[in-house]
Amino acid sequence: MKKIILLTVFATTFSAAFSQYFTVKIGGGYSWGGLQQSTGVMTFQPGASTDPAYANIIPLVAFSTAASDSPSAKYKSNVYAAYGHGGHLDFSFGYMINPYFGVQLDGAYLWGSTITATQLYDAPGLLGPDTKITTNTHSNGLSVNPSLFFRAAKPTAKFAPYARLGLALPISGAIYHTLNIQAPNSALGNITSSEIDVKTEATVSLGFQGGAGVSYTPFPLMSFWGEVQGQYLFVKAKQSTLTAYTLNVQGAAQQNLLPSLSTYSKITNYVDQLSTSNNAEDFGKSRDISGAHNGMPGYINESVGHDVLRQVANLGAFGFSVGVTFNLSKKILKDPFGKKAQAEAKK
């Protein structure tokens, strides 16, 4: 009977401590491409000149189609991937309205894994036959995720299954592309290597995320948890900026072409609709690199970026996370490890 009374007193104290409280969570984990992977990874394919304004934005595809290839070596292959693949740091601030329901402002920072594909083909114009382009791309970024939190256990339970569901709102970060080109038969000579770096930033995008897991609370102050989590998110591109452009031609000094380019050649602005008012050549506007007609009717404005139709990137993900949550309230902080409650129960 005495043991029952002691357990009842301790359970009542524990339940009161966990009636309403704030939470601070930190953890980390790893995610793979979402269950709905797609060909939503894009790349930049050089055009017929050294001017990057004429590069094409295409889905990242691996292929080998050069005439010098043996028939058995030729292929084309889609690259199914998602930019949500990689390690992440998770954190949140929350409030438990009662022992079973709460609200959280979750956050996550993604260190994306590199997605790679190689293209070997006979490029038209400048680059020529047997051109090899290797693309490496990844995403880094911060998102905030307002969520509802559901706990499915008695207030006194040390082990508790839970679930959370909410929105995914990326607020900073970018997608990075690095292209390496080898063109042994280029009109410029043997291009032994190159580095073309592009940074793409996003506009406002909205998705969904959630998770399900189990928490273990050995004492009132702290809970340990592990969960599986998923995210459905496609991010809309806002602007791409060329950050590096170098060519190494055999027998010549390295050429850094970036300083010689106009803003029109270095920056791409993404829009949902193109018309004659946009800074683009789609409807007959001409370019005058000298700047004599810069921005005049019928001419491109070289001092601003060029406009193209908007692209989207797949940041879907499915993975896991583990971490610790600190439970904070006046009652909990007065007895964070439950020792006072246990001592009182023994009297």
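Asp272 is exposed in this predicted model, with a relative accessible area of 61%. Asp272 is placed in the loop between E16 and E17, and the side chain of Asp272 makes a polar contact of 2.8 Å with the side chain of Arg310. At the other end of the scale, Ser321 is buried, with a relative accessible area of 1%.

**Asp272 and its surroundings**

- Asp272 counts as exposed because its relative accessible area of 61% lies over the 50% cut-off.
- Leaving aside residues up to four places away in sequence, Asp272 touches Leu309 and Arg310.
- Arg310 is also the partner of Asp272 in the side-chain polar contact of 2.8 Å.
- Asp272 and Val308 are 36 residues apart in sequence, while their C-alpha atoms are 8.4 Å apart in space.

**Ser321, a buried residue in a strand**

- Ser321 belongs to strand E19, which covers residues 317-328.
- Ser321 is classed as buried because its relative accessible area of 1% is under the 20% cut-off.
- The side chains of Ser321 and Asp90 are joined by a polar contact of 2.5 Å.
- Apart from neighbours within four places in sequence, the contacts of Ser321 include the glycines Gly27, Gly28 and Gly29.
- Also in contact with Ser321 are His88, Asp90, Trp225, Gly226, Glu227 and Gln229.

- Thr178 is located in strand E10 and is partly exposed, with a relative accessible area of 31%.
- Between Thr178 and Val198 there are 6.6 Å in space, C-alpha to C-alpha, although the two are 20 residues apart in sequence.
- With neighbours within four places in sequence set aside, Thr178 is in contact with Thr134, Thr135, Asn136, Glu195, Ile196 and Asp197.
- Of these residues, Asp197 also makes a polar contact with Thr178, side chain to side chain, at 3.1 Å.
- Asp130 lies in strand E9 and is partly exposed, at 25% relative accessibility.
- The phi angle of Asp130 is near 60 degrees, which is a positive value in a residue other than glycine.

**Aromatic rings**

- The count of aromatic pairs comes to ten.
- One of them is formed by Tyr232 and Phe234, whose ring centres are 5.6 Å apart and whose planes are at 70 degrees to each other.
- The pair of Tyr232 and Phe234 is edge-to-face because an angle over 60 degrees between the planes is given that name.
- Tyr232 is partly exposed, with a relative accessible area of 45%, and Phe234 is likewise partly exposed, at 29% relative accessibility.
- Tyr30, Trp32 and Phe320 are linked into a cluster by ring pairs.
- Lys25 lies over the face of Trp225, 5.0 Å from the ring centre.

- The volume of the second largest pocket is about 650 Å³.
- The second largest pocket is lined by 40 residues, of which Pro52, Ala53, Tyr54, Ala55 and Asn56 are the closest to its centre.
- E14 provides the largest share of this lining, namely five residues.
- At least two residues of the lining come from each of several elements, among them E2, strand E3 (56-59), strand E10 (159-186) and helix H2 (263-266).
- Gln45 lies in strand E2, which spans residues 42-45.
- Gln45 is buried, with a relative accessible area of 16%.
- Not counting residues up to four places away in sequence, Gln45 touches Ala55, Asn56, Ile58, Phe63, Gln119 and Tyr121.

**The cavity**

- The structure holds one cavity of 30 Å³ or more.
- The largest cavity contains about 260 Å³ of space.
- The largest cavity is lined by 20 residues, and those closest to its centre are Phe149, Ser215, Ser223, Thr325 and Asn327.
- Strand E1 (21-33), strand E9 (128-151), strand E12 (207-219), strand E13 (222-232) and E19 each supply at least two residues of the lining of the largest cavity.

How values were computed: Residues numbered from 1 in each chain as written. Predicted model: local features only at pLDDT ≥ 70, side-chain atom pairs only at ≥ 80, totals over all residues. Heavy atoms only, no water. Helix = DSSP H or I, 4+ residues; strand = E, 2+ residues; numbered from the N terminus. Buried < 20%, exposed > 50% of the residue type's maximum accessible area, 1.4 Å probe, protein only. Polar contact = N/O pair within 3.5 Å; in protein donor to acceptor, adjacent residues only side chain to side chain. Contact = heavy atoms within 4.5 Å. Phe/Tyr/Trp six-rings, centres within 6.5 Å; stacked < 30°, edge-to-face > 60°. Lys NZ or Arg CZ within 6 Å of the ring centre and 35° of its normal. 1 Å grid on protein atoms, 1.4 Å probe; cavity = no way out; pocket = protein on both sides within 12 Å on 5 of 7 lines; lining within 4 Å. Points joined across faces, edges and corners; volume = space filled by probe spheres on them.
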